[in-house]
Amino acid sequence: MDAKFLRGKSCGDYLAKGKFVEKNDHIILVDGENSGEVFTVPCGGYMGSTFKQLWVSDAVSLEYVLHFIAFHKDLLRNSKKGAAIPHLNKEIFYSLIIGVPPVDEQKRIVEKINSLLKRL
């Protein structure tokens, strides 16, 4: 799977090796112009080498983390490293501080964000 496939703009390539990801896993683009973009995997398959799999602890709501990353999307895109092929600045990504309230509060925050996004 590459970014074009995940955006629905290509059929993808057939591979038999690499890092296998399951349907509904979340992966982040770490190389290229759109590094920092997060995708939900639509079907099981091998992800492209320009991706890393996101792993989120059970103590944190995945949707809460995805909204946090989306909030920092511009920072991640505008702070890439490398001239020829820009890469996600991992130092900035790993230094982002995310407040982790209790899971019920995280869910309430996600519900509020989702309701506000529907209004936009």
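**Briefing: the crossing of α2 and α5 in a predicted model**

The crossing of helices α2 and α5 is left-handed. The residues that bring the two helices into contact are Glu63, Tyr64 and His67 on the α2 side, together with Gln106, Ile109, Val110, Ile113, Asn114 and Leu117 on the α5 side.

- Helix α2 covers residues 62-71 and helix α5 covers residues 103-119, and the two pack at an angle of about 55 degrees while their axes lie 9 Å apart.
- Sorted by class, the residues that form the contact of α2 with α5 are 5 nonpolar, 3 polar and 1 charged.

**What is buried in α2**

- Within α2, the residues Tyr64, Val65, His67, Phe68 and Ile69 are buried, and of these Tyr64 and His67 also belong to the contact with α5.
- The cover over the buried residues of α2 includes α5, and it also includes strand β3 (38-40) and the helices α3 (73-78) and α4 (90-95).

- Glutamine 106 has its place in helix α5, and it counts as buried because its relative accessibility is 0%, where the cut-off for buried is under 20%.
- When neighbours within four places in sequence are left aside, glutamine 106 is in contact with Ala59, Val60, Ser61, Tyr64, Val100 and Pro101; Tyr64 in that list is one of the α2 residues that make the contact with α5.
- Glutamate 105 is likewise found in helix α5, but with a relative accessible area of 29% this residue is partly exposed.
- Glutamate 105 and tyrosine 64 are separated by 41 residues in sequence, and their C-alpha atoms are 9.9 Å apart in space.

- Phenylalanine 20 has its place in strand β1, which covers residues 20-21, and with a relative accessible area of 38% it is partly exposed.
- Apart from neighbours within four places in sequence, the residues in contact with phenylalanine 20 are Gly44, Gly45 and Tyr46.
- From phenylalanine 20 to isoleucine 113, the separation is 93 residues along the sequence and 32 Å in space, taken from C-alpha to C-alpha; isoleucine 113 is one of the α5 residues in the contact with α2.
- Asparagine 24 is placed in the loop between β1 and β2 (26-29), and its phi is near 75 degrees, which is a positive value in a residue other than glycine.

**The chain as a whole**

- The chain has 5 helices and 5 strands, and when read along the sequence these follow the pattern α-β-β-β-β-β-α-α-α-α.
- Taken along the principal axes, the box filled by the C-alpha atoms of the chain is roughly 40 × 30 × 30 Å.
- The chain has 120 residues, of which 32% count as buried.
- Among contacts between residues at least 6 apart in sequence, 58% join residues at least 24 apart.

Conventions. Residues numbered from 1 in each chain as written. Predicted model: local features only at pLDDT ≥ 70, side-chain atom pairs only at ≥ 80, totals over all residues. Heavy atoms only, no water. Axes fitted to C-alpha atoms, helices over the stretch in contact; angles between N-to-C directions. Helix = DSSP H or I, 4+ residues; strand = E, 2+ residues; numbered from the N terminus. Left-handed = near helix turned anticlockwise from the far one by under 90°. Contact = heavy atoms within 4.5 Å. Nonpolar A, V, L, I, M, F, W, Y, C, P; charged D, E, K, R; others polar. Buried < 20%, exposed > 50% of the residue type's maximum accessible area, 1.4 Å probe, protein only.
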